[in-house]
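Subject: Structure to look through

Dear colleague,

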Amino acid sequence: MKNDKLVTIPIGPEHPALDEPASFTVTLDGEKVVDVVVGVGYNHRGLEKACESRTYAQDLFLVERVCGICSHTHSTAYCQGLEELAGVEISRRAKYIRVLVSELERLHSHLLWLGVAGHEIGFDTLFMCTWRDRERVLDVLAEAGGNRVNYGVNAIGGVRRDIDPELETRIRSMTDVLEKEIDYYLELAMTDSVLAARFKGVGVLPRADAEKFGVVGPVARADGIADDVRVVEPYAAYDELKVNQVTDDHCDVFGRTIVRIKELQESLRVIRACLDGMPEGPLKVNVPRRIPKGEVISRTEAPRGENIQYIRSNGTDIPDRIRVRAPSEANWHGMKRMMQGAYLADVPIIVAANDPCYSCTDRAVVVRGAGGRRAMDWEELRAYGVEWYRGRGADISRVEEKLK
Amino acid sequence: MERENEVVAAFVAAFPWLDGRIRSPRKKRIFTDPVTREEFNRLVPFALGQGFRRVTHVVGTDDGDSLGFLYVFSDGGGVLLALHESAPKSNPVIDSLTPRFPGLEWHERELVDLYGADVRGLPPGPRYPLPDGWPAGNYPMRKEWDPKRFNRKTMTYEAEPPAAAAGSEAKHEER
């Protein structure tokens, strides 16, 4: 039956409130959301098909580029899947380094999310502070892997990069600084009345619905579902570096915020434990180029939740099938339920509170540089960035001085 | 391996025809060999009864003359059970599990778009993940579908790879 009071408006796929392409066809009764149809797929580039025509070694680079934020978790799932198929056991040191980078990745991903959440509710000071802190993590990751997002640390059979004493000192120093900041963010989330007003009771997903839709990660854990793969099925060195699983029972945006901030604290603890107990050993062991015929399901805990890869080998050096099930792919249907009955103004924060990764969902990102190619070192790149912004009226170098 | 072995034994006891077709290659993993649509529909309720109450994802596979659809169930304790449903490529009909697991909607839409599966009972909605203008009858994840023969400008599948694209691919292969 047609209801004349209802209005349907399209949001996206390109929209200021969304950083990546997705369409939300929202049906409203006044200011309240009655129904929503979510459309994604704009980032689909056929990564899985591409993997079937390339060797396992080449596919490592493709798989790492499923996502620009949690690249390491994808390459970890891929590598450990192949190592299982090949019957290879990697060194403990390599496992520790995988965990270390994985937790650094969780730090920068959750800090990024906290900033985005602040931005979506107009709390841009929080956005500035958390992204400043995220830069500290990215600096360390860039030093560890040579890149800010696709670090290239993993190799089939171990890792490509070591953690030397100088880098260890930098990481410890970074964790000391971040610990104070993260403690402050938790206090802020627990006490700030503005955050409470915008987060509490918003985007509610009852536990029964969370189970029905199969949501994962911090979204599930904010509903009291203890599904952390690091605990449920410890991989890499998580059997030795025990993780204290964080759960909450608010079932809303507030709960998701608390879970992520507490996971930041837990990541700092695991990073320190990892550095304290880093064993000696080779970085990499040999893995045959041709992987024996078989199939494997490999799981990791990405910052956004359970990441799964199915790999089927056929005895050659090219996979028969690779299927990536990133956590964002599991969380979209729950988002529809969260929006029903919410105010339109809360839609951006509800979407953001899921920390959805559109590229993960569609499994590929293509990045093309505009114009000619040019290689820059770190300092040159930083100077270029400062100059670029200065040309547009923002002098970042002065901001840096003030922060010192 | 206790839980895995118990589950395998329970399946074999309930469905003797599964003997030798269900295995646990390592801790926390159980796989079945390909089973028919009818067999699969009998296995699903039994899996639920064994505590596998969540489906993490669905994997489509091209198995030659048939298509495979692996529904991966989770028991919440870390054990994953992959039930491998199979259907002939000429008539790839399967039944949707979205009435029981609504979160599988996009997974099954992907089977429709990428493999050409006929998923009965899938609710209406936008296609995923291919664009609206994608030509009918083109299922990119089937092995015989050659990306080099797909003309992106005209959105048609050519008898031979377009000359320019072929040259570009050749250069890529050389690198």
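The notes below go through each chain in turn and then turn to the place where the chains touch.

Please keep in mind throughout that this is a predicted model, and that the values below were computed from it.

Chain A has 16 helices and 8 strands, and its C-alpha atoms fill a box of roughly 65 × 55 × 45 Å when this is taken along the principal axes. Because a compact globule of 404 residues would have a radius of gyration near 22 Å, the value of 22 Å found for chain A agrees with that expectation. Of the 404 residues in this chain, 50% count as buried. If you look at the contacts in chain A between residues at least 6 apart in sequence, you will find that 69% of them join residues at least 24 apart.

Chain B, with its 175 residues, has 35% that count as buried, and its C-alpha atoms fill a box of roughly 60 × 40 × 30 Å along the principal axes. There are 4 helices and 9 strands in chain B, and from the N terminus on they follow the order α-β-β-α-β-β-β-β-α-β-β-β-α. Among the contacts in chain B with a separation of 6 or more, 44% come from residues 24 or more positions apart.

Five of the strands form an open sheet in the order S1-S2-S5-S4-S3 (chain B), with mixed pairing. Strand S1 (22-26) and strand S3 (54-62) of chain B stand at the edges with a single partner strand each, so one side of each is left without a neighbour in the sheet. Neighbouring strands of this sheet are turned against each other by 20° on average, if direction is ignored. S1(B) pairs with strand S2 (residues 29-32) of chain B in the antiparallel sense over 3 bridges, and B:Arg23 stands opposite B:Phe31 in S2(B).

Helix H1 (residues 2-14) of chain B lies across S1, S2 and strand S5 (80-88) of chain B, and runs at about 170° to S1(B). Helix H3 (residues 105-115) of chain B packs on the sheet by touching S3 and strand S4 (66-74) of chain B, and its direction makes about 5° with that of S3(B).

In soluble globular proteins, nonpolar side chains tend to be buried together. The largest nonpolar core here has 78 residues, and those that touch the most other members include A:Ile97, A:Val99 and A:Met339. Helix H4 (residues 92-120) of chain A gives the most to this core, with 14 residues. Leaving aside residues up to four places away in sequence, A:Val99 touches A:Ala236, A:Ala237, A:Tyr238, A:Leu241, A:Val270 and A:Cys274. A second, separate core of 65 residues has members from both chains, among them A:Ala77, A:Leu82, B:Phe101 and B:Val119.

Where do the chains meet, and how many residues take part? The contact takes 27 residues from chain B and 24 residues from chain A. On the side of chain B that touches chain A, S2, S3, S4, S5 and H3 of chain B each supply at least two residues, and the largest share, 6 residues, comes from S3(B). The residues on this side of chain B divide into 16 nonpolar, 7 polar and 4 charged.

With best wishes

Conventions
Residues are numbered from 1 along each chain as its sequence is written. Chains are lettered from A and ligands numbered from 1 in the order in which they are written. This is a predicted model: local features need pLDDT of at least 70, side-chain atom pairs count only at pLDDT 80 or more; totals for chains, interfaces and linings use all residues. The radius of gyration is taken over C-alpha atoms; the globule rule is 2.2 Å times the number of residues to the power 0.38. A residue is buried if 20 or more other C-beta atoms lie within 10 Å of its own, exposed if 12 or fewer, and partly exposed in between; C-beta atoms are placed from the backbone. Two residues are in contact if their C-beta atoms, placed from the backbone, lie within 7 Å. Two strands pair if DSSP finds at least two bridges between them. Axes are lines fitted to C-alpha atoms, for helices over the stretch in contact, and angles run from 0 to 180 degrees between N-to-C directions. A nonpolar core is a set of buried Ala, Val, Leu, Ile, Met, Phe, Trp, Tyr and Cys residues joined through C-beta atoms within 7 Å. Ala, Val, Leu, Ile, Met, Phe, Trp, Tyr, Cys and Pro count as nonpolar, Asp, Glu, Lys and Arg as charged, and the others, Gly among them, as polar.
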